[in-house]
Amino acid sequence: MEQQGKKAWLYLLPAILFLGVFLVYPLIDVFIYSFEEGFNFASQSYLGLGLYNYEYVLHDPYFLQAVKNTFILVLITVPLSTGIALLISVGLSSIEKLRELYQTIYFLPYVTNTLAVGLVFMILFKQTPYTDGLANLILSWFGAGPVDFIGGPYWAKMFVLCFYTIWIVLPFKILILTSALASVDQQYYNAARVDGTPRLRIFTRITLPLISPTLFYLIITGFIGAFKAYSDAVALFGTDLNAAGMNTIVGYVYDMLYGSSGGYPSFASAAAIILFTIVLTITCINLLVSRKHVHYS
Amino acid sequence: MKVTLDHLTKVFPSRNRKTGKDVIAVNDFCFEIPDGKLVGLLGPSGCGKSTALNLLCGLLKPTEGRILFGDEDVTSLPAENRGVGMVFQNYALYPHLTVRQNILFPLENLKGKDKLSKEEMERRALEAADLVQIRELMDRKPNELSGGQQQRVAIARALVKTPRLLLLDEPLSNLDARLRLQTREEIRRIQKETCVTTVFVTHDQEEAMSISDVIVVMKDGVLQQIGRPQEVYDQPVNLFVAKFLGTPPINVFRAKVKDGWLTIGQQPVLALEEGIEGDVMAAIRPEGFILDENGPLTCRLTEVEVMGRDITVVSNHPDCENVEIRSIISSDETVDLSSGSVQFALKSHKVFLFHPETGARIPFRVKA
């Protein structure tokens, strides 16, 4: 037994070593940095220990703006993208003709280059001296606009960011949900039909519970992914996100480290730990809620 | 309620575009299922019996023909509105619902004037649970039940809405041998108690014979014979039916009728009245053999299996299609294994003659 235990640890050693060096150690280090006041990277020295970093970050208007932006982004995009993906997947699995074609179309954004996607969104939303963009063209048909989506009012920019985020995460969710729907045994549907079940009830009482583990997985990873949003905002509004008022928490961390106003690893660490706490809390709430509503077979 | 199938046909279009041969799963079915009876739909796998069942419950639409429930034409009525109960082969219990919720599920679908109060639903669910004796399992999930218990739940769920017609798809195939015997009696009892017209599908002839009021034998989508089990066993219309029913299976010999004698090999075994001449297939039930030292049929003896109540004599004959001839003899008789051969006389009413090509039954009379 003792011998076996040693052997097991030996087998685990490479993984533990790499995870320890590249994951656990930095995590602990970030945690320590977040309490070291005025840490200087070059001299590896600090002035004292305390909660000042947290105090500073929590009172920084840029950080508060970033938290607000991130929460709005999460609360809008996660339910919407999951819901839309579910609708599209249900649609895909109930059509017979052209299913493969539609599946390919819906999956295309997943394999498309980010720069190409950015270009598409420019054409859609960017105002230039020559054109107001496709979105404004459509708005003008209804007698509205033009709205400057990229450089204009806050809600216009937030709309574009949410739209972009949903559009980016949709293909993966559709892919996962389509396969989850396909794995539901046809016999359950047959049984429900013979029992005279209306279609909506089949969906809510049978389909949804049976794919609930997958749905839950998508919601959890969706929350985590959205909380870590950064590159999408950069793709739309450029690197100076604070100026655009569209910064996210991860963006704030990055700016504190490397941005033009950067060089404050202590503040960055504190912000990162706050983000970590938020994500952890939300995930725990998710897990608690799921216990009631998710059915594992 | 009686059920009438009127020229019912189901054709599945071919998947293979090159050969393009459509599959006729059910071919021109015409028969009537009498009210309140237990009907066994019997045939080898792939003979279209499950398709027939799906046509009855409405999950499939017939290519041609009509289905009548009583006098009502239900051919174009979707499964949701037919009011049939169905027990699926793997039971299809909803895994995320408890037994109680599973049984309540069909009742909760009722709408309009059929809508039931909570108490009435609960009462009916308990009644159905009592009928199949699962009251103590009501709060379990399906994966916490044994195969036999799951089946009972499936039957309760099918019966709870008092269906006009109960359909069972291979109800015993997922159970072990012992449970199978018990469950088939149970199905018989439940059917008797509820008097609901019931159709069940099986490939096991023993199962069908033992509990059905009527059996329907199918092959390749074509109805072969319909009748009471004993009737079909005693009077098979063709070689397929004769071979399909009975364990051990019927023994089939390549034989001839010559000068008024049924001849197997060179041995004249049975004197027939005039009218038949030429090659025939002679099929003899295992219980149709009599041990007789002067009997006309000589077979090479290979083994004797003593089963207590009776003896199975295993022998072979060059003109027999079966690898071994199994004959069942009363255990009062003794067989000498060392002699290497055995002589049989035949019970003429256990002997059937069939046309060697078409397999159709050739009626005959024995000369007194």
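Two strands count as paired if DSSP finds at least two bridges between them. The model described here is predicted.

## Strand β6 of chain B and its partner

Strand β6(B) is joined by 4 bridges to β7(B), residues 165-169, and the two run parallel. Within this pair, B:Met86 is placed opposite B:Leu167 of β7(B).

## The sheet of chain B

In chain B, 6 strands make up an open sheet with mixed pairing, in the order β6-β7-β8-β3-β9-β10. The edges are taken by β6 and β10 (222-227) of chain B; each has a single partner strand, so one side of each has no neighbour in the sheet. From one strand to the next, the twist averages 15 degrees.

Strands of a sheet pair through backbone hydrogen bonds, in a parallel or an antiparallel way.

## Helix α8 of chain A

Helix α8 of chain A spans residues 186-194, and its buried residues are A:Ala191, A:Ala192 and A:Val194. These residues lie on the same side of α8(A), because the arc they cover around the axis is only 165 degrees.

The cover over the buried residues of α8(A) includes α9 (199-227) of chain A, and from chain B it includes α1 (49-57) and β6 (84-87). After α8(A) comes A:Gly196, which has a positive phi, near 75 degrees.

## Contact between the chains

Chain A and chain B each put 16 residues into the contact. On the side of chain B that touches chain A, the elements giving two or more residues are β6 and α2 (99-108) of chain B. By class, that side of chain B has 11 nonpolar, 4 polar and 1 charged residues.

Definitions and conventions:
Residues numbered from 1 in each chain as written. Chains lettered and ligands numbered in written order. Predicted model: local features only at pLDDT ≥ 70, side-chain atom pairs only at ≥ 80, totals over all residues. Buried ≥ 20, exposed ≤ 12 C-beta atoms within 10 Å, placed from the backbone. Arc of directions from axis to C-beta. Contact = placed C-beta atoms within 7 Å. Axes fitted to C-alpha atoms, helices over the stretch in contact; angles between N-to-C directions. Nonpolar A, V, L, I, M, F, W, Y, C, P; charged D, E, K, R; others polar.
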